[in-house]
Amino acid sequence: MTGIQLTPQDTIERGLALAAAEGADGCVVLVAETSSANLRWANNTLTTNGAMRGSSVTVIATVGAGEGTAAGVIGRSSVTEDSLQEIVSAAIATARAAGPAEDARPLVEGTTGADWALEPEETSVGVYEKFAPALGESLQRATQQNRRLYGFADHEVVTLYVGSSAGLRLRQALPRGYVSSTGKNADLSHSAWVGTATRDFTDVDPLALDAELTRRLGWATRTVSVDAGRHPTILPPAAVADLMTYLFWQLDGRDAFEGQTVFSKSGGGTRLGDTLSPQPVNLHSDPSLSGLEAFAFAVARTSGGSSSVFDNGLTLAATDWIRSGKLESLMTSRHTADLIGVPAATPNIGNYVLSVDGASGATDDLVAGLDNGLLLTCLWYIRMVDPQTLLLTGLTRDGVYLVENGEVTGAVNNFRFNESPVDLLARFTAAGATVPAFSREWGDYFSRTATPPLLVPDFNMSSVSQAS
């Protein structure tokens, strides 16, 4: 028979058997099954909803032994029984044509997990059973109050299966959802944004999100022009996540060792052990964090500075990247860990929590303590200017507000900013409690984050922007 869609388990077992039959010395097969459902609304009307399914297969074949091992990687979507043979053959051919891989290590050994035989998990529009009626009520309320709402909600479940010729058989299903909503006043002259992440939408209240949008649009009934410059600025958790996610992605041990990043030591090596902030700042990842659960094992479809295809299936553990202001760890594969001289690999983990020891309170508490400054709700179009300092530039969006005598008194113009999140960790003067935080810029694909609100005494608004 041709064109048969295999189960994930059968895909892996047949792929491994085919690789062995063609003379591969090792093989890893990854199968990702994705199920998603979404809602979209515009101008106070639900516009679309739908559900989708997808599947992808990655075959990593190795040839040779020891330091002479080479790897070939081929990935495809919607793989059938017929096309699996082609993928395996292509991966082996790629490995044979490649030179020895510098990151070559023995494949991670393992056994069959208890849930290996389970089918992929699925989602559907039913996940919005409680969310959708409340959303409809908020859309009606916006119409009655002469406001306009635009936004979308997305939920997906990725079930990942990993099998190898070294006996590894792993399965894990991860749900993830988020809401992004923008409110505008009647003449569209002002806008505000809110967003939140969730695992199952049971903890998302559209009416509360709309209430926050209403509050922010209310602040914009008065508008004030503010010049560019360095201003005392409060960043709510979402805006902190906009910046700190970029910092998190720069914790690449190989790049730091080669002098390419802010975590490189002058004269060679890395800044591991250096104090980045005088404040008791912590940046922590843990795949088992409640509400922010991530894959519990390393997943690498390509090799890079902080990852290796040879490390697929490596068990991940709680990791302190920054502890009490000091750089404790960088992301490393087994190869990179040996290269930079650290005792064990610390691969990338799909979540992070930024916290400040002893900090409490919320964004509103920071506002109440500020005599004069800005409240910056979200950022966008963030780009790197200088990797050596992690200087970023970008624009403010959907709400920058003036704070006077502990109260928000109006909306101000947008700005272009230039700031380094590493510098911000050294300069902030007040912080609140850490809460789950959905980044406007990165949250649609990296949403498992938690951050505190921060007060920065001299945030650099480098120029006034005409963006609206």
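**Aromatic pairs, a loop arginine and an open sheet**

One aromatic cluster is formed by Tyr 246, Phe 248, Trp 249, Trp 321, Tyr 352, Trp 442, Tyr 445 and Phe 446. The model is a predicted one, in which local features need pLDDT of at least 70 and side-chain atom pairs count only at pLDDT 80 or more, while totals for chains, interfaces and linings use all residues. Residues are numbered from 1 along each chain as its sequence is written, and side-chain values use heavy atoms, with hydrogens and water left out.

A search of the whole structure gives 20 aromatic pairs. Rings of Phe, Tyr and Trp (its six-membered ring) pair if their centres lie within 6.5 Å; planes under 30 degrees apart count as stacked, over 60 as edge-to-face and the rest as tilted. Trp 193 and Phe 438 make a stacked pair, with 6.3 Å from centre to centre and 25° between the planes. Because Trp 193 belongs to strand S6 (residues 191-198) and Phe 438 to the loop between strand S20 (435-436) and strand S21 (449-451), the pair ties together parts that are 245 residues apart in sequence. Helices (H or I, at least four residues) and strands (E, at least two) are DSSP runs, numbered from the N terminus. Trp 193 is buried at 1% relative accessibility, and Phe 438 is buried at 6%; buried means under 20% relative accessible area, exposed over 50% and partly exposed in between (1.4 Å probe, protein chains only).

The pair of Tyr 246 and Trp 442 is edge-to-face, because the ring centres are 5.6 Å apart and the planes stand at 80°. Tyr 246 lies in helix H5 (residues 237-249) and Trp 442 in the loop between S20 and S21, so this pair ties together parts that are 196 residues apart in sequence. Both Tyr 246 and Trp 442 are buried.

Arg 440 is also placed in the loop between S20 and S21. With a relative accessible area of 16%, Arg 440 is buried. Its side chain makes a polar contact with the side chain of Asp 398, at 2.9 Å; a polar contact is a pair of N or O atoms within 3.5 Å, where within protein one must be able to donate a hydrogen and the other to accept it, and residues adjacent in sequence count only if both atoms are side-chain atoms. Leaving aside neighbours within four places in sequence, the residues in contact with Arg 440 (heavy atoms within 4.5 Å) include Trp 193, Asp 242 and Asp 398.

The sheet is an open one of 6 strands in the order S3-S2-S1-S4-S5-S6, with antiparallel pairing; two strands pair if DSSP finds at least two bridges between them. Its edge strands are strand S3 (70-77) and S6, each of which pairs on one side only. In strand S1 (residues 26-42), 14 of the 17 residues are buried, so S1 is largely enclosed by the rest of the structure. S1 pairs with S2 over 17 antiparallel bridges, and Ser 36 stands opposite Met 52 in S2. The hairpin of S1 and S2 has 2 residues between the strands, and Asn 43 there takes a positive phi near 50°. S1 is also joined to S4 by 14 bridges, again running antiparallel, and Gly 151 in S4 is the bridge partner of Trp 41. Strand S2 (residues 45-63) is in turn joined to S3 by 8 bridges, with Ile 60 opposite Val 73 in S3.
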